[in-house]
Amino acid sequence: MTMSQCLRITNLDVPQSYIIARGEEPAEDLVLDCEYELDIATAKGFVLKWKHNDLQIYQWIPSKKPVAFTSFKGHVDLEYSVSDDRFQKYRALKLINPMANFTGNYSCAVQTYDENEVRSAHLQIIVPEVEFNLTYHRESNGSTVVQCAVSDISPKPELALFIDESETKEVVLTEDHVQGAYDVVLQHVLTDDSKDTAIHCQLSIPGTNYTKKREKMFHGAAFRANISTLQALLYALAAAVLSSTIRY
């Protein structure tokens with residue numbers, strides 16, 4: 001810190017993403033920290049503020065208790081401290097039960113009567129999926145359809161389908177968006193369902209490290225044999241029913 005700069009933010013620690021816990025899963029702490037250097041001799045008028053998308057949500061003056069504002073009231077632990085230093089104690093923002101709409105840019109502003117420093121970072125809140133499945137089935141026209149589906153996830157995810165380790169772009173994409181949550185389905189018709197095929201589907205959320213994967217082995221010959229056996233049984237059953245009806 002130079003002689004001309006007595007207040008400086010040295011590190012803004014905002015997670016890239018945070019996953020909201022579903023059901024009875026224990027929630028992880030979500031803490032945003034703002035580290036700074038401050039010359040005590042010039043600390044008169046010091047105040048720290050946190051903003052969410054330019055809207056002030058938190059303020060701390062060392063001689064007073066921290067205060068939460070707007071929709072973040074009840075979602076900030078005002079007793080949380082990171083230091084015993086009177087000018088550092090309540091600099092961090094600990095969020096309680098974060099909501100999906102807490103996604104956005106978070107800014108830490110520190111100021112004295114003489115200086116002002118601001119730094120910002122983006123946080124993505126993730127609402128994890130309820131289901132993520134990879135299946136295949138036989139259509140009435142004889143084709144085999146592979147389907148990858150994810151439901152009730154936020155923000156909008158991306159799905160990628162791989163056939164024998166190569167991503168296929170020959171897919172039908174269906175998307176539904178209801179009350180902030182997304183349902184996404186990818187479907188692909190196997191070009192050769194007579195051979196064994198390794199299938200996997202990858203789920204990701206752009207801009208984060210959130211990824212999941214589903215894998216399945218399609219046994220082509222066995223699948224066709226099972227279908228043929230089932231069809232033969234159905235034909236035999238239909239014939240037996242028809243024969244019994246005619247005798248009656």
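Start by selecting F72 and F102: both are buried, where buried means under 20% relative accessible area, exposed over 50% and partly exposed in between (1.4 Å probe, protein chains only). Keep in mind that this is a predicted model, in which local features need pLDDT of at least 70, side-chain atom pairs count only at pLDDT 80 or more, and totals for chains, interfaces and linings use all residues. Residues are numbered from 1 along each chain as its sequence is written, and side-chain values use heavy atoms, with hydrogens and water left out.

Now look at the two rings. The centres of F72 and F102 are 4.2 Å apart and the planes meet at 15 degrees, so this pair is stacked. Rings of Phe, Tyr and Trp (its six-membered ring) pair if their centres lie within 6.5 Å; planes under 30 degrees apart count as stacked, over 60 as edge-to-face and the rest as tilted. F72 sits in the loop between β6 (67–68) and β7, F102 in the loop between β7 and β8, 30 residues apart. Strands here are DSSP runs (E, at least two residues), numbered from the N terminus.

The structure holds seven aromatic pairs. For a tilted one, select Y36 and F46: their ring centres are 5.5 Å apart, with the planes at 40 degrees. Y36 lies in strand β3, and F46 in the loop between β3 and β4. Y36 counts as buried at 5% relative accessibility, and F46 does at 3%.

Next, widen the view around Y36. Beyond its neighbours within four places in sequence, Y36 is in contact (heavy atoms within 4.5 Å) with residues including R8, T10, L48, R91 and V110.

Finally, select β16 (residues 197–204). Six of its eight residues are buried, so β16 is largely enclosed by the rest of the structure. Strands count as paired if DSSP finds at least two bridges between them. On one side, β12 (residues 158–163) and β16 pair in the antiparallel sense over six bridges; L161 stands opposite C201. β16 also pairs with β17 (residues 211–218), antiparallel, over eight bridges, and I199 has K216 as its bridge partner. Which residue in the turn of this hairpin has a positive phi? Click on G207, at about 85 degrees.

Technical notes
Helix = DSSP H or I, 4+ residues; strand = E, 2+ residues; numbered from the N terminus.
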